[in-house]
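Let's take a look at how the pieces of this protein are held against each other. Have the sequence and the 3D view open as you read.

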Amino acid sequence: MTAPLVGANPWLRVSPCSPEACVRPPEATAGPVRRAVRLAAAALVLLAGIPLSLVARGARTARRGRIVAVWARALLRALGVRLDVRRGFAFVAGSPVTGAEPEEGRGTLIVANHVSWLDPLVVAATVASRPLAKREIGAWPLIRTLAAGSGVLFIDRERLSALPEVVGSVAAALRAGDTVAAFPEGTTWCGRGMGEFRPAVFQAAIDAGAAVRPVTLRYREGEATSTRGCYVGDDTLLASVLRVVATRRLVVEVTRFPEVRLARSGRRQEERGTLARIAEAYVRTAVTEQHGVMERETPARSGRAGVTVLRSPYLV
């Protein structure tokens, strides 16, 4: 199912997912003591983030990314969420248009599917980057402090007139060598499917001469896709947090695909649309079932890397 566009605003999307329809019981439930420990540990990590954010705010990009990555990993660990980072391989129709080389000194635009409030933490824990986030979270005192330390770029999704300014800010960050992380669906899905990538943010990569790296985020329990970490519909942040800490062995599978580089044609709308479709096709290959070729980067419990051959209607 494709998420319908609300009005003509490319940032605002509607997902068909809801907690009632999508959230399933956990495969294994954490006991009350484990839940309490996880919540207490997460609160401590959040508080520790305040002085760290002050240090990171004045640090150079590379050092700031390392600080934020350590903090993000600590928070995920406190919540009981484990990371499984993989390399993805896929061949997408039309790939010859991706042969351009990025300009020297440019950053990379990371684009991923959007499932949860955990997603920015997951991306920050695996790659030093500046997240693109909605302006509303800047109104939350604690989150505002943490966001300033991580170098967040804010989007005013209510004002379509602000779109060129947002694209310009992202392009400027990419030209400066920063890696920027965005979620082009414009809304969250439960993880068993995904919406279309909106092309607006891809214009920033084109303008900056930067590469795009597609990334798939897949929450799972065992080998099955999990909806326990999703944040959809009329869900509340508290309800989603409580589901996460109540779930044992929740894993976020992060599949990082090769960078996509688009040859310039001079037709801006066509370029960003093509780039969005190619990036979306990569991401879809690993959203639910194992649909592409992936090699685990983080060690499995067996100590051996796993390689899976995938087939997908998006790969030809």
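## Before you start

Keep in mind that this is a predicted model. Residue numbers count from 1 along the chain as its sequence is written.

## Where two helices cross

Start with helix α3 (residues 61-79) and helix α4 (residues 119-126): their axes come within 7 Å and cross at roughly 130°. That makes α3 and α4 oblique to each other, and their crossing is left-handed.

So who is doing the touching? On the α3 side, the contact involves V68, A69, W71, A72, R73, L75 and L76. From α4 come L121, V122, A124 and A125. Sorted by class, that contact of α3 with α4 has 10 nonpolar residues, no polar ones and 1 charged residue.

## Salt bridges across the sequence

Side chains of opposite charge can pair when their charged atoms come close. Here, the structure holds 11 salt bridges.

One of them joins the side chains of R220 and D84, with N and O 2.5 Å apart. R220 sits in strand β6 (residues 211-221) and D84 in strand β1 (residues 81-89), so this pair ties together parts that are 136 residues apart in sequence. As for accessibility, both R220 and D84 are buried.

Another salt bridge brings D178 and R130 together through their side chains, at 3.1 Å from N to O. D178 is in the loop between α6 (163-175) and β5 (180-182), while R130 belongs to strand β3 (residues 130-134), so the pair links parts 48 residues apart in sequence. D178 is buried, and R130 is too.

What about R284 and E280: where do they lie? Both are in helix α9 (residues 268-284), 4 residues apart, which is about one turn of the helix. R284 forms a salt bridge with E280, and the closest N and O atoms are 2.8 Å apart.

Are these two buried or exposed? The cut-off for buried is under 20% relative accessible area. R284 has 17%, so R284 is buried; E280, at 11% relative accessibility, counts as buried as well.

How values were computed:
This is a predicted model: local features need pLDDT of at least 70, side-chain atom pairs count only at pLDDT 80 or more; totals for chains, interfaces and linings use all residues. Side-chain values use heavy atoms; hydrogens and water are left out. Axes are lines fitted to C-alpha atoms, for helices over the stretch in contact, and angles run from 0 to 180 degrees between N-to-C directions. Angles under 35 degrees count as roughly parallel, over 145 as roughly antiparallel, 65 to 115 as roughly perpendicular and the rest as oblique. A crossing is left-handed if the near helix is turned anticlockwise from the far one by less than a right angle, and right-handed if clockwise. Contact means heavy atoms within 4.5 Å. Ala, Val, Leu, Ile, Met, Phe, Trp, Tyr, Cys and Pro count as nonpolar, Asp, Glu, Lys and Arg as charged, and the others, Gly among them, as polar. A salt bridge is a side-chain nitrogen of Lys or Arg within 4 Å of a carboxyl oxygen of Asp or Glu. Buried means under 20% relative accessible area, exposed over 50%, partly exposed in between (1.4 Å probe, protein chains only).
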